[in-house]
Amino acid sequence: MTDALVLNDLRKSYGEREAVKGISFSIKEGEIFGLIGPNGAGKTTTLRMICTLLTPTSGTITVCGHDNIAEAAEVRKIISYLPEDAGAYKDLTGRQYLKFMAGFFASGQEFEDMVSKAIELSKLGERIDSKVSTYSKGMARRLLIARAVMASPKLAVMDEITSGLDVMSAYEIREFVRELAREGVTILISSHNMYEVESLCDRVAMINHGSLVLTGTPAELREEYCANNLEEVFIKAVRGAGQ
Amino acid sequence: MNHLVNITKKELRELLTPGTIASILIVVIMFSALGTAMSGESEKESAPKEIGIVYTGDFSETLITDSATSTSYTLQTVLEAAYKSVYGVDNPADHIHVMTAAYGDSKAISDECAANGYSVALVIPAELKTNLSGNIRTTVNMYYTYSHGGIFGSVSSLTGTVFMNNINTIISKVLIDNSTGNEDKTAFSMSPLSAGTDYTTINGQICEGVTPYQIFSSLMGQSMIIPIIVMIIIVMVGSVVISSMGSEKENKTLETLLTMPIKRTTVVSGKLLAAAIMGLVYGVCYLAGMMMYSNGLTSGLSGTSVDLSKYGLVMDTLDWVILMVVLFLAIFCALGICMILGAFTKNYKMAQTMTLPISGLAIIPMFIFMFTSWENLPAIGQAVVFAIPFSHPMMAMDNLMFGDMMLVAEGIAYLAILDIVMILITVKIYNSDILITGLEQSKFFGRLSRMFKRKEEENEYR
């Protein structure tokens, strides 16, 4: 299996403050990879750098063989990003929103197929023609995830995918992510929900104060930290890093 | 699908919702209706007024006799002749009313005026006749009712002044007749000079029968309205764009959009183009509505307006096209500034306060051009006004009509350059981290912010 994403000594400074301090890890194709860490650890900054929204101060990011800075346009064709608490354009209907987004990836029949696929994935039924402003949080999230995967990205980056959702909606979305991974999409998720990360991810990396603290499969980490679950691993790792 | 078209279509769909289209139409209809209402109001104000007279003497008693023509004048005939010369009506007696209030009782006079709707009341002392024969000047007091403000609020005092002047003229003529005994000599004495034809040079061409005041009166509508419309459009469109940016940031739709496989230039251009189209739609509709309002306002006022087309002061199709180009470029520039300001907003609420600089830039030239013109400004004022991009559409109509094409061309060139600069700056910002992280994360502003925090901490510590 080849690498879908490779981070090499990635750093990001905001003025004199270094938010990300030399992170290196890689994700294999088709893997679900979890990025965890306390608030302000540098997770979102890392995800934004991967998605070409922020420029790294130093280090490299390679997405499916493309350099993230030199080939940013190519990278944007093969990734999709779902920010935390993201919304859609409230004055558009779900269908109009999907058509708008699909317009950046395809035209003609391919465009029509992409929109149909996204509508199906969103499971919004007749509500696809309602305005986004009338959607519940779960419905809006399903629409956004459908948008994120409709262009068949090679790497999907999702920040807090089930944040604020009820149990049923969160469950459905996790199932949806598993299905995507089975179809070969590489997924990088960031979450505070340790149960979610443990049940979804093949491998996990934890960052704290901008540095990589640990990386491995959930089982490896539980064993390494003599913990019953990933939550305990998280707490031990954070406390250990703080000492 | 072309990405620029895709973004522009989406932006237009968001900006031109049924709600906004309805509001534009309502404004046009409202201005048109207001214009019609104002037309009726101005006609009403220029109609013959009711005048009250307080006079304790005898109205039908002969006041003065013209020895040259052997005509006797009573106060009644003097007043009617004066009224007729003001309004040109055949029944002046119907508009002159003898009041019952006592001479000197201001309260009673004022109340009677208000109760009967008299625009003005002339209070003439009973000694008028003896004063005239004794060469003593008589003091006549006038009472007005100021019932409303606005442009028509001063009409009653104008009526009183003109009426009083005419009474003076009639009596003066009789007095001079009596001293000269020759009517022709009196006519000459009262008016040794006669006003001939007025000549005004417009655009280098000598025009007959028109005064600068008449031209000003006819142009007043557009001179006042164009700056207001441009200001409204700039502020409105600017506010829409900044709010849209604030909303995009708050909803994180901007983050999603920036990870799409499109150039940042396309994102910026699409947003600018859509907002500029919307601004132009607003502009044309508001212009039409305000013009209807202005025409309604001036149509009822006769005597001051002239047919400007007779003097070449008319906008032809090319002039209108040029005006729209200037307006479009100015709107585009405003949008560029708003996109730059919008990049620093964090949310919708913060975006609302960011419109202040753009409002200030639009209001300054508006006030200047409502009261003066480019030519009347000192050199430094001209430099400042020229530098403000929104000045150009405000003064374009005057310049186009008065043939100052060089200033219009310079304005277009300046706006085009400014637009390009704005786009480049916007694209630069869109390509930088600032758009996502805000100013606080940049080196310079980070240091500045820490410096202020340190100062605050020091002050608190003291």
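First, some housekeeping. This is a predicted model, where local features need pLDDT of at least 70 and side-chain atom pairs count only at pLDDT 80 or more, while totals for chains, interfaces and linings use all residues. Residues are numbered from 1 along each chain as its sequence is written, chains are lettered from A and ligands numbered from 1 in the order in which they are written, and side-chain values use heavy atoms, with hydrogens and water left out.

**Where the chains meet**

Chain A puts 34 residues into the contact and chain B puts in 28 (contact means heavy atoms within 4.5 Å). Together they bury about 3,100 Å², with 56% of that on carbon and sulfur atoms; buried area is the accessible area (1.4 Å probe) that two parts lose on being put together, summed over both.

Between chain A and chain B there are 2 salt bridges, a salt bridge being a side-chain nitrogen of Lys or Arg within 4 Å of a carboxyl oxygen of Asp or Glu. On the chain A side, β1 (3-14), α2 (72-78) and α3 (94-102) each supply at least two of the residues that touch chain B. These elements are DSSP runs numbered from the N terminus: helices (H or I) have at least four residues and strands (E) at least two. The largest share, 4 residues, comes from α3(A).

**Salt bridges to look up**

Over all chains, the structure holds 21 salt bridges. Here are two of them.

| Salt bridge | N to O distance |
|---|---|
| A:Lys28 and A:Asp3 | 3.0 Å |
| A:Arg48 and B:Glu255 | 2.7 Å |

The pair of A:Lys28 and A:Asp3 links strand β2 (residues 17-28) with strand β1 of chain A, 25 residues apart.

**Cavities**

The structure has 5 cavities of 30 Å³ or more. On a 1 Å grid over the protein atoms alone, a cavity is a set of points where a 1.4 Å probe fits but cannot get out, and lining residues have an atom within 4 Å of a point. The largest cavity comes to about 80 Å³, a volume being the space filled by probe spheres set on grid points, which are joined across faces, edges and corners. Its lining includes A:Leu121, A:Arg142 and A:Phe176. α6(A) gives the most to that lining, with 3 residues.

Terms used: 1 Å grid on protein atoms, 1.4 Å probe; cavity = no way out; pocket = protein on both sides within 12 Å on 5 of 7 lines; lining within 4 Å.
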